[in-house]
Amino acid sequence: MTVDFSKVLIAPSVLAADFGHLGAQVRAVEAAGADWIHLDVMDGHFVDNISFGPAFCAAVRKQVAIPTDIHLMIERPDHYLDRFLPNAHNITVHVEARHDVPTTLRRIREAGCMAGLSLRPGTPFEAVEAYLDQIDLLLVMTVEPGFGGQPFQPEMLAKMEAASAARSRRGLAFHIQVDGGINAPQARQCIAAGANVLVAGTSVFGKPDLAEAIRVLR
Ligand code: DX5
Ligand code: ZN
């Protein structure tokens, strides 16, 4: 897989959208230039919040042509995986969750989806190094997962740099995605540290001009 890492991709997080007008909201960000739609699935166990499940992801998938980027913040991604695969282009699971990571990543790829792996702020980069040749996307959380609208943690920039260095050193090809508290200033820092996919909830869906909100992040 050849990836053009110089192109910055914007993935608005639906968690910040108005669920009462979900269809219109996701179509609007697609029309405004979003590259992917980011879907935060939370189970109330892996994180201290409950968001939405497979049916919600299916509903969003029907509304847009751009890739659906499903972020599973759930304790047992291996158990629920088959229910999300049909409506996903990308599925990202957490290295801290209770599952056999290589098996889950292999199942995601075998289903024709991009396999992503994520780590929480408190998890060292070393915890994902063994899996870097089995992923298409590494998601560096820049906030503690579970809620939108939290402040960006600049200490996570070092993980992006480590990921970018490992990718070149080992000749690998995975996206470096960041998620949490991303506004224009943080976007600049993350891109300089090696990230190429920016998830943004509050800084996109909360804005009156979606196209401008996406433009300033890119
Ligand atoms: C948090 C989620 C994020 C969140 C981002 O656990 O993974 O995707 O929705 O929202 P903002 O951009 O508002 O921090
Ligand atoms: Zn997310």
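Predicted model: local features only at pLDDT ≥ 70, side-chain atom pairs only at ≥ 80, totals over all residues.
## Basis

Local features need pLDDT of at least 70 and side-chain atom pairs pLDDT 80 or more, while totals for chains, interfaces and linings use all residues. Residues are numbered from 1 along each chain as written, chains are lettered from A and ligands numbered from 1 in the order written, and side-chain values use heavy atoms, without hydrogens and water.

## Shell around ligand 1

Around ligand 1 there are 20 residues (a heavy atom within 4 Å of the ligand). Asp40, Gly146, Asp179, Gly201 and Thr202 come nearest. By class the shell has 8 nonpolar, 10 polar and 2 charged residues, with Gly counted as polar and Asp, Glu, Lys and Arg as charged.

## Polar contacts and burial

Oxygen atoms of ligand 1 lie 2.3 Å from a side-chain N or O atom of Thr202, 2.9 Å from a backbone N or O atom of Gly149 and 3.0 Å from a polar side-chain atom of Ser13; a polar contact is a pair of N or O atoms within 3.5 Å. Taken alone, ligand 1 exposes 380 Å², of which the protein buries 99% (Shrake-Rupley method, 1.4 Å probe).

Strands E2 (37–42), E3 (68–73) and E8 (197–200) each give two or more residues to the shell. E2 gives the most, with 3 residues. Strands are DSSP runs of at least two residues, helices of at least four.

## Salt bridges

The structure holds 10 salt bridges (a Lys or Arg side-chain nitrogen within 4 Å of an Asp or Glu carboxyl oxygen). One of them joins Lys7 and Asp35, 3.2 Å from N to O. Lys7 lies in the segment before strand E1 (9–12), and Asp35 in the loop between helix H1 (22–31) and E2, 28 residues apart.

Methods
Polar contact = N/O pair within 3.5 Å; in protein donor to acceptor, adjacent residues only side chain to side chain.
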